[in-house]
Amino acid sequence: MSESHWQQRYEREHAARQEAEALLEGKSLELYRSNAELRALAEALESQIGERTRELTTALHQADIQRQELERVNRQLQAGQQALIEARAAAEDANRMKSEFLANMSHEIRTPMNGIIGMVDLVLETDLDREQREYMDLVRSSAEHLLNIINDILDFSKIEAGHLDLQEDEFDLIELIGETVKTLAPRVAGKPLELGYDLGEDIPRFVRGDPYRLRQVFINLLGNAIKFTESGRVGLDVIRCSAGRGDHACLDFTVHDTGVGIQPEQLEAIFDAFTQADSQVSRQYGGTGLGLSITRQLVEMMGGHIRVESRPGEGSRFTFRIFLRQVEAPEETTQREASLRGKRVLVVDDAVTNLRVFSMMLHHLHMEYDISLSGEQAILALEHARRVDRPYDVILLDARMPDMDGFEVAARIRDLGHADNASVMLLTSAGMRGDAARCKALGLDAYLTKPITLNELRGALERSLARHDDDPRLITRHTLREDRPKLRILLAEDNPVNQKLAVKLLEGDGHEVEVAGNGAEALDRLATSRYDLILMDMMMPVMDGLEATRRIRAREASQGGHVPIIALTANAMQGDRERCLDEGMDGYVSKPVKKAVLQLEIDTVLQRLRRRQAPAKAQKLPVHDPAEALARIGDEDIYQTLVEMFRADAPGYVAELTESARVPDWPRLTRAAHSLKGILATFSARRAEPLARSLELAARENQLETCQRLIEELEMEIRTLIEAFDHPVDALPPSPDPTPDPSPDPTPDPTPDPTPNPTPNPTPYPPPNR
């Protein structure tokens, strides 16, 4: 090869080597720089890892400290919880011991108090001279004052502990007010003080609520008013307010007096516990200062509120507003009062308040009435009634009226012959010696003392209208008491004093009483004898009243029957009444036993029992009365149309009842039973309608087993009714049953009166020439 060729080759190789060296040097530099960056990154990452490691180590250390702190706190909480458990157990033990102490204290004090007050009442019914009667009145007043203090302390303790509960029951509000005022009447004896009540005509008669606590509120307020009033008037007024909702009536109750009054600066604190308006008043009249505090809390528990208005020296007005659910009248009440419906009454009284009360009572008894403000006005009314041939059946005369008193009016009526066939009844606020003899001499039918209750008025009216010419007895509160059903009663009581007292009280009303010293003895007597009622003391040796009641109800579950049992107990703690009722008792009366309270509870229990037994009695009735139903509807075609509609809709009615009870949906079941009751009344369904009525009542009280039983019975009676539509001849029984009903109550006639209630004339009767 030529030298130039090698020279060129060398140059190319040299250039390539230089290029390769330059490229290698560049790559080396790039790799160096990359390594430098990686080292920097590694150092930075190592620094961050170190920092994070230090932070994590610190966090772990802090977490360990916190864990240790939490463990310490947890140990403290566990120790505190254990201390709370022990403290709660100790508190419960202390509360239980306190309750047992209060119960024992109540029993130990009330038992002798029952004997003291009861025996004093019996002594006061005997012939005493003036000095002896004064001493006995002082004993009774002192004993009742002590009892009121005990009651206030117990009630306040129960309220403060949240252990005082309200009960739900149906009751006659008008009768409750009348009975309460009547029981307080002895407190105004000897004072120039009038005690009465005034009721609006539109207030409901039968309501649902807690009659026991409502009565306690009345007694607290009226008792305070009587205590702080030496002369004038103490009254209870009831009006209906416009804030009612649904079937709940809004009622305003006002207790007013003409007593010492309250200073304005003391009105705000008057309802506070242990507070009285004035220390001088406290020393003069006594008391614990708890009555009004308890009253306020009871009213608030009923969903109401109370307020007071007062001026020193002019008296006070305490007004509270509550809502009470209206209910229908019991069937036995409706049937009993049917004999008075439409009878004409003339009321003669110069006091407008008394006229309003009598007008309200006669309105609820569905009687027609006119009123006169004086004897002269009454004579004119009687003359007018004779001329238009609309005589009065009854004349109610106030004994004490100006110008011409009740005795003079009665004598004028007799001399003029204006009311030969009318029953004349005299009513007085204060009986005077010789009044009864004057009534007999004038030929009057009744002589009663005000305040008079609705049931007393009803009883006097029924007896005076039904009496025969050969019965010369004057109707008084004593003869009305004698008219009550006479019962055979078993008294289970271990205290000899209380035995004697209860026997005297019951035998005074004509009842036959046998005594058992404990529950075991009561069971032995029941095994061989029949009783209409048992009065059962709760605390007795050998076997107490609760255990005896459990065994009686267990025996009845296997053998049938139900004897009503009323607890008589010196206990008055929270839960006592509920425990008695839960164990199968039908009523509850706390000691000391008041005669009026005991009789009221007996009447209430027996009426409640008759309501429960009404469906069984209904089986004796005809299926329905087509003639009466047709007369009510007035058109045979419409009657047949209604029959066909009922025949088609009956399965739906039964299904509605059954489904409502299955849930149970109490409002829906109550409405369905109420609607069906009205439909059955349209057809005069004598047996099915009482069942629907009982079902409605049971649904209102949430009695599931009773409702289910009544629905089954009602379904069968509806089938029987539909069959009777096809065979109207079989609707009524072919002939009356000659065998008398052994029960003490006649079978009520549920036939509704198609005539509307008479509209009373609340104004004085006009003169005849008007």
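1. Helices (H or I, at least four residues) and strands (E, at least two) are DSSP runs, numbered from the N terminus. The model is a predicted one: local features need pLDDT of at least 70 and side-chain atom pairs count only at pLDDT 80 or more, whereas totals for chains, interfaces and linings use all residues. Residues are numbered from 1 along each chain as its sequence is written, and side-chain values use heavy atoms, with hydrogens and water left out.

2. D403, in the loop between strand 10 (394-398) and helix 10 (406-416), has a phi near 70°, a positive value in a residue other than glycine. D403 counts as exposed, at 82% relative accessibility; exposed means over 50% relative accessible area, buried under 20% and partly exposed in between (1.4 Å probe, protein chains only). V542 is likewise not a glycine, and its phi is positive, about 70°. V542 belongs to the loop between strand 15 (533-537) and helix 16, and is exposed with a relative accessible area of 75%.

3. Cis peptide bonds are the next topic. One joins K450 and P451, with omega about 0°; P451 is in the loop between strand 12 (446-449) and helix 12 (454-466). Another joins V663 and P664, with omega about -10°, and P664 occupies the loop between helix 20 and helix 21.

4. A search of the whole structure finds 8 aromatic pairs. Rings of Phe, Tyr and Trp (its six-membered ring) pair if their centres lie within 6.5 Å; planes under 30 degrees apart count as stacked, over 60 as edge-to-face and the rest as tilted. The pair of F218 and F320 is tilted, because the planes stand at 40°, with the ring centres 6.3 Å apart. F218 is in helix 4 (residues 211-227) and F320 in strand 7 (residues 315-326), so this pair ties together parts that are 102 residues apart in sequence. Both F218 and F320 are buried.

5. What is the angle between the ring planes of F646 and F683? The planes are at 55° and the centres 5.5 Å apart, so the pair is tilted. F646 lies in helix 20 (residues 636-662) and F683 in the loop between helix 21 (666-682) and helix 22 (688-700); the pair links distant parts of the chain, 37 residues apart. F646 is buried at 2% relative accessibility, and F683 is buried with a relative accessible area of 2%. Ring pairs link F646 and F683 into a cluster with Y639, Y653 and F725.

6. Charged ends over rings occur at two sites described here. The charged end of R344 sits over the ring of Y392, 4.4 Å from the ring centre, and that of R438 sits over the ring of F407, 3.8 Å from its centre. A charge sits over a ring if NZ of Lys or CZ of Arg is within 6 Å of the ring centre and within 35 degrees of the ring normal.

7. Helix 15 (residues 519-528) and helix 16 (residues 545-559) pack at an angle of about 25°, with axes 9 Å apart. Axes are lines fitted to C-alpha atoms, for helices over the stretch in contact, and angles run from 0 to 180 degrees between N-to-C directions. Helix 15 and helix 16 are therefore roughly parallel to each other (angles under 35 degrees count as roughly parallel, over 145 as roughly antiparallel, 65 to 115 as roughly perpendicular and the rest as oblique). In contact (heavy atoms within 4.5 Å), G519, L523, L526 and A527 of helix 15 meet A548, R551, I552 and R555 of helix 16.
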